[in-house]
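The entries below follow the order in which I looked.

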Amino acid sequence: MANPKEKTPMCLVNELARFNKIQPEYKLLSEQGPAHSKVFTVQLTLGDQHWEAEGTSIKKAQHAAAAKALEGTKFPKPTARPSRSEGKNPDSVTPTVELNALCMKLGKKPMYKPIDPYTGMRSTYNYTMRGGTYPPRYFYPFPVGPLLYQVELSIGGQQFHGKGRTRQAAKHDAAAKALKVLQNEPLPEKPEVNGKEPDDENLNKSEISQVFEIALKRNLPVNFEVTKESGPPHMKSFVTKVSVGEFMGEGEGKSKKISKKNAAIAVLEELKKLPPLPTVEKMKPRIKKKTKSIVKLQTSPEYGQGMNPISRLAQIQQAKKEKEPEYMLITERGLPRRREFVMQVKVGVHTAEGMGTNKKVAKRNAAENMLEILGFKVPQPQPPKPALKTEEKVRGCNKEDDFRMPYLSHQQLPAGILPMVPEVAQAVGANQGHHTKEFNRAAPNPAKATVTAMIARELLYGGTSPTAETILKNNNSSGHVPHGPLTRPSEQLDYLSNVQGIQ
């Protein structure tokens, strides 16, 4: 419903039934449909008349039936009562509010005073005790209000009288009479304070605040002090003295706050007579120019070699004021634990791809390839600087030491394969070729080692090896060919050893 105060059809049916002295009766006839979308049928009976309606809930069906009953009923309908707010504008402003706003502009204060004294109840009983009667046992001298209230409104030197059945109505009447007279009066000119017209802000400031502001502008000390306190405890009188530089003022009141305000009013009149202060031109603050976030493109293709390739490519495009690079995932392949991602980057009409074990690495490699296409040098990985070595240590270096530190080379071994040092190889009896000096076996064939590495790589990334299957077919070997991809490293190693004949 748009208006929450509007009566529902069921409420109107209840009023209709009450007016005709009958009882409305709602009856649920049927319930159809699934649990999440049911339809209810309700019958409404008023006297000998019946109406049926459907709805998604029992309440909605009742309202629909009531609406039908209101349209088709033959019973007389009750007369609609006028609402309390009918004929009134809820957004209208009362005369008292208008008068308060006008008095603020005129610099006057409206004062309301009731002039209708309450008349107490007087007993008409004769207390002379004649006639053998007794006086009443209880007497309640409660005041009884008059039929009409009267209010006197004072604004400046003018008085206005208002009447009404309530106190507020009498105030509205008096305010309406005052508005007719005061609306034609011209607004007073704003008095000058220190050679300047007072701002509208001072209208809402207290006299004490104005004293402190003037003293602050003129570098004058301000001191409020209660100098006298007289009278009984229930009716004391206070005298407050204020000093602002050389100016003095006193104020008296029934409380310290009132006396302080009166003292501020007294000294404020003297402060307003001071000559105006010389105007000082305010220096405009210097606004620092914001530095441009766009990086200027260097003419040298070596620009930004120490940066991340993704950030470097983005800054180059910003400096050229061209569209930023767009990255897109092309494909994702490999086993779940050994995924390989291919990302593509597009800059203008150029495209480049990059691969990696995760999307971040692939995106970085794609950015590096795009930098090469655009003509920017890609920083080459620099080997770590070795510590200073003596001649003895340099002469003592051999191939075995190089084998013990395979991580110095830039080629990364496939995942799952670790280098084996000579001591471990001797313990397990593995053939290490030229890495072991104690074994007299022949060195392995380099071609066979390359084929073994190829088979191992295919097993690691795909689970199957077409190379191994081809070798088994050519050799007419009876080796077992797996029917599906091998996922376990132990199975892959056994299959590789069977194909290559490694013990």
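Basis. I am reading a predicted model, in which local features need pLDDT of at least 70, side-chain atom pairs count only at pLDDT 80 or more, and totals for chains, interfaces and linings use all residues. Residues are numbered from 1 along each chain as its sequence is written, and side-chain values use heavy atoms, with hydrogens and water left out.

Entry 1, the whole chain. I noted 14 helices and 14 strands in the protein chain; these are DSSP runs numbered from the N terminus, helices being H or I of at least four residues and strands E of at least two. Of the 503 residues, 24% are buried (under 20% relative accessible area with a 1.4 Å probe, protein chains only; exposed is over 50%, partly exposed in between). I also looked up contacts (heavy atoms within 4.5 Å): among those with a separation of 6 or more, 38% join residues 24 or more positions apart.

Helix H7 (residues 309-319) packs on helix H8 (residues 359-374) at about 45 degrees, the axes being 8 Å apart. Axes here are lines fitted to C-alpha atoms, for helices over the stretch in contact, and angles run from 0 to 180 degrees between N-to-C directions. The crossing is left-handed, that is, the near helix is turned anticlockwise from the far one by less than a right angle, clockwise being right-handed. On the H7 side I listed Pro 309, Ile 310, Arg 312, Leu 313, Ile 316 and Gln 317; they meet residues of H8 including Lys 363, Arg 364, Ala 367 and Glu 368. By class I have eight nonpolar, one polar and four charged residues in this contact (Ala, Val, Leu, Ile, Met, Phe, Trp, Tyr, Cys and Pro count as nonpolar, Asp, Glu, Lys and Arg as charged, the others, Gly among them, as polar).

Helix H1 (residues 9-20) and helix H2 (residues 58-72) pack at about 50 degrees with axes 8 Å apart. H1 is thus oblique to H2, and their crossing is left-handed. I found Pro 9, Met 10, Leu 12 and Val 13 of H1 in the contact, with Ala 66, Ala 67 and Leu 70 among the H2 residues.

The open sheet has three strands in the order S4-S7-S8, paired antiparallel (a pair needs at least two DSSP bridges). S4 (111-114) and S8 (158-164) are edge strands with a single partner each, so one side of each has no neighbour in the sheet. The twist averages 25 degrees from one strand to the next. Seven bridges join S7 (residues 149-155) to S8, and Ser 154 has Gln 159 as its bridge partner. Helix H4 (residues 167-182) packs on this sheet and touches S4, S7 and S8.

S13 (residues 340-347) is largely enclosed by the rest of the structure, because six of its eight residues are buried. S12 (residues 326-333) runs antiparallel to S13 over seven bridges, with Leu 329 opposite Met 343. In their hairpin, Gly 334 has a positive phi of about 100 degrees. On S14 (residues 350-356), also joined to S13 by seven antiparallel bridges, Met 355 is the bridge partner of Val 342.

Definitions and conventions: Angles under 35 degrees count as roughly parallel, over 145 as roughly antiparallel, 65 to 115 as roughly perpendicular and the rest as oblique.
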